[in-house]
Amino acid sequence: GPLAAGVLQSRLTLAQFVREEWWPRYAVPNLKPSTRRRYLEVWGTHLLPRIGDYQLREITPALVEDLCSQFRAAAVGVQTQRKALMLLQGILRRAVVRGLIPANPVSVVDKPRQPPTRRPQPLEPLKVESIRIRLRQRDATLVSMLAYAGLRPDEATSARWADLGERILHVHAGKTERARVVELLAPLAQDLAEWRLAMGRPSADTLIFPRDGGREWQLHDWQNWRRRIYQPGAAAAGVTGDMRPYRLRSSFVSLLLWEGRSLTYAADQAGHSVATLAGHYAGVMRELEDQPRTPAAEAIRNAREAARRAPDVRQARAGV
């Protein structure tokens, strides 16, 4: 009777539903390209191979629990497990809305606990400069943008010359959907001016850091840059522990706090809420309580001069 259509439709596999309904009718019109890229990676790597062939009506809370067990057995990271489950929950929420299943089976299953937030490990200016001096001009300037303007990776790689003023940078924050204006530290402004000149004074709508052929960065481009360029340079400079370029954001915040800037100013420049910054950088701020204040630009200039004089750098440049 009236249930027949729904029963027949619920025989759609999860993969079919994602391909025919969720992706074109929900993801494409409602999600940002960067979010869609992340979801595609999680879907293709962790969900499609494991449960893509199951019919919607076969996906039960017990099956979702078994999926969690598979993740743990495969040593999938907790953060990735959470992303996969939240993505699956969002997909099946759409199936509920379309009347294909009566309830969302993921919503009643306990998710892995969120791991503790990593304590900031800011790199001091000398370490940042030791990385930069080992890289080509484009890559060194990108490191400057991350460490001395506090940009997130997608903010730096999507920035265009039109966003750059004489002493400010307009940042389009994809994560928070809020724009902000970063006041450029003098050494970073100099780096950008020299890079623009080296590029032949490109037009305003050109990416500051274009990929080959002027194309925009994709997720794999960033991953390749991190693995092939940044991390070898960081390792050669003696960086240990967290080897993600994202770590450079905390370097920028620490520079502002070391300079004596207010918590409100630092939060505004980094695109944080004051509460988030206060909680995340509480340890850093305690370490700076009795320390003399140093202007950020001066600290960077001193670090550049020290990096140029470093014996290992001079030997590398001489081919020793």
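A residue is called buried here when its relative accessible area is under 20%, exposed when that area is over 50%, and partly exposed in between, with a 1.4 Å probe and protein chains only. The model is a predicted one, in which local features need pLDDT of at least 70 and side-chain atom pairs count only at pLDDT 80 or more, whereas totals for chains, interfaces and linings use all residues. Residues are numbered from 1 along each chain as its sequence is written, and side-chain values use heavy atoms, with hydrogens and water left out.

The secondary structure comes to 16 helices and 2 strands, where helices (H or I, at least four residues) and strands (E, at least two) are DSSP runs numbered from the N terminus. Of the 320 residues of the protein, 43% count as buried. The accessible surface comes to about 17,000 Å², and 51% of that surface belongs to carbon and sulfur atoms; these areas come from the Shrake-Rupley method with a 1.4 Å probe, and for residues only the protein chains shown count as cover. If contact is taken to mean heavy atoms within 4.5 Å, then among the contacts between residues at least 6 apart in sequence, 67% join residues at least 24 apart.

Two other loops hold residues whose backbone deserves attention. Most residues other than glycine have a negative phi. Alanine 75, however, has a positive phi of about 60 degrees although it is not a glycine; alanine 75 lies in the loop between helix 4 (61–73) and helix 5 (78–97) and, at 66% relative accessibility, counts as exposed. Arginine 201, likewise not a glycine, has a positive phi of about 50 degrees, and its place is in the loop between helix 9 and helix 10 (219–236), where arginine 201 is exposed with a relative accessible area of 63%.

Helix 9 (residues 186–198) also takes part in a helix pair, for its axis and that of helix 7 (residues 137–149) come within 10 Å and cross at roughly 150 degrees. Helix 7 is therefore roughly antiparallel to helix 9, a term used for angles over 145 degrees. The contact is made by Gln137, Arg138, Thr141, Ser144, Met145, Tyr148 and Ala149 of helix 7, and by Leu188, Asp191, Leu192, Glu194, Trp195 and Ala198 of helix 9.

Helix 12 is followed by glycine 271, whose phi is positive, near 80 degrees.

One further loop, between helix 8 (153–157) and strand 1 (168–172), contains serine 158, which counts as partly exposed at 38% relative accessibility. The C-alpha atoms of serine 158 and leucine 207 are separated by 6.6 Å, although these residues are 49 residues apart along the chain.

Key
Axes are lines fitted to C-alpha atoms, for helices over the stretch in contact, and angles run from 0 to 180 degrees between N-to-C directions. Angles under 35 degrees count as roughly parallel, over 145 as roughly antiparallel, 65 to 115 as roughly perpendicular and the rest as oblique.
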